[in-house]
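Colleague: Hi! Could you walk me through this one?
Modeller: Happy to, here it comes.

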Amino acid sequence: MKTLDKAKKKAKITVKVGGKKVQPEESVKVHDWKAAEETAAAQEDSVKEEESFEWVLPELDADQIEEFRPIHYTPAPKKKSIFPKKAVAKRAAPAILFSVVSAVVFGALLGFVVLKFIAYGDHQTKLPKQQAEGAATGAAQQEARLPALSIGIIQAGVFSTEGAASKVSRELASKKVPSMQLSMDGQRYIFAGVADSPGTAKKMESAWKDKGVELYAKEISFSSKKVQTTTKDEQIFARETVPLFQKLAKETAAAVQNGEVSPDGMKTVGTAAGNVKKLAKVRQETLGRLKKYETAAYESLAAYQKSGNRQDLTDAEQNLLDYVKVYSGH
């Protein structure tokens with residue numbers, strides 16, 4: 001029994017090194033090599049069987065297979081500027097300045113163009129109005145001619161400077177003598193009265209002697225001149241103004257000499273003055289001023305006829321002198 005029990009116990013392997021027993025740190029596993037060979041053979045048969053198996057794959061249409069393509073994104077490397085930041089800033093400054101200046105210039109030009117368009121629009125608005133007025137009167141932008149004027153005039157002096165002439169003008173005004181300065185040939189002339197002819201002007205010299213003023217009667221002439229008219233009234237006035245002036249000069253000079261106004265003469269003058277006064281559309285500058293002084297001269301002479309006030313007669317002469325100055329263009 002003891003022998004069988006011993007046989008049932010597992011045999012142990014004892015290792016001796018140099019005659020001494022050494023206890024191994026780990027137990028040694030004993031492999032069953034025969035069983036391993038059988039397992040290996042079975043695996044080999046299985047592989048052969050798989051290789052001999054015919055795999056049948058389903059047929060797929062090429063259009064049914066989705067194509068998957070990988071997208072590879074590689075960010076572009078940042079380029080390093082070869083110029084330092086200060087250099088970039090220096091180069092950017094002129095560009096900014098140029099942009100600002102360009103904007104200002106462009107804005108100014110745009111404003112100028114807008115103003116031009118506005119001015120053009122106003123001109124186009126006014127032009128049809130003027131054309132309509134001209135069409136209504138039948139005299140749009142037509143040339144008229146003022147006739148030549150030749151009259152007698154009383155000269156109070158000739159001076160080389162404006163200061164000297166102005167001093168004499170003030171002295172005449174203090175004595176209630178009319179006066180007018182006219183620049184001709186580099187000299188300044190002072191005139192103190194107007195008449196229809198040099199002969200009538202000569203007779204007027206004595207009228208101012210009591211005022212202590214030395215006067216000289218002369219003849220003065222002005223050539224014909226062209227004027228642009230825009231209304232029919234202006235054309236009529238250009239024809240009628242000189243004849244009316246000569247009538248006024250004659251009647252005023254006679255009143256200065258005699259102290260009286262001729263009723264018949266005033267009737268003739270009144271008719272001509274009334275026709276001129278009706279011309280309401282005299283807008284041309286020169287013609288308008290001539291009409292103003294001519295009408296005022298008639299009104300002053302008419303006032304003198306009624307009142308006998310010497311100052312009204314002086315005012316009539318002054319208005320006629322102012323008319324001559326405008327007509328001369330000086």
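Colleague: What covers the buried residues of H8?
Modeller: The cover includes strand S3 (142-146), strand S8 (225-229), helix H6 (232-258), helix H7 (263-277) and helix H9 (310-328). Contact here means heavy atoms within 4.5 Å. Helices (H or I, at least four residues) and strands (E, at least two) are DSSP runs, numbered from the N terminus.
Colleague: Before we go on, what sort of model is this?
Modeller: It is a predicted model, where local features need pLDDT of at least 70, side-chain atom pairs count only at pLDDT 80 or more, and totals for chains, interfaces and linings use all residues. Residues are numbered from 1 along each chain as its sequence is written, and side-chain values use heavy atoms, leaving out hydrogens and water.
Colleague: Which residues of H8 are buried?
Modeller: Among them are Leu287, Leu290, Tyr293, Ala297, Leu301 and Tyr304. Buried means under 20% relative accessible area, exposed over 50%, and partly exposed in between (1.4 Å probe, protein chains only).
Colleague: And what follows H8?
Modeller: Gly308, which has a positive phi near 75°.
Colleague: New topic: where is Lys176?
Modeller: Lys176 sits in the loop between helix H4 (162-174) and strand S5 (180-184). Its phi is positive, about 60°, although Lys176 is not a glycine. Most residues other than glycine have a negative phi.
Colleague: Is Lys176 buried or exposed?
Modeller: Lys176 counts as exposed, because its relative accessibility is 55%.
Colleague: What about Asp185, buried or exposed?
Modeller: Asp185 is exposed, with a relative accessible area of 77%. Asp185 lies in the loop between S5 and strand S6 (187-195), and has a positive phi of about 55°.
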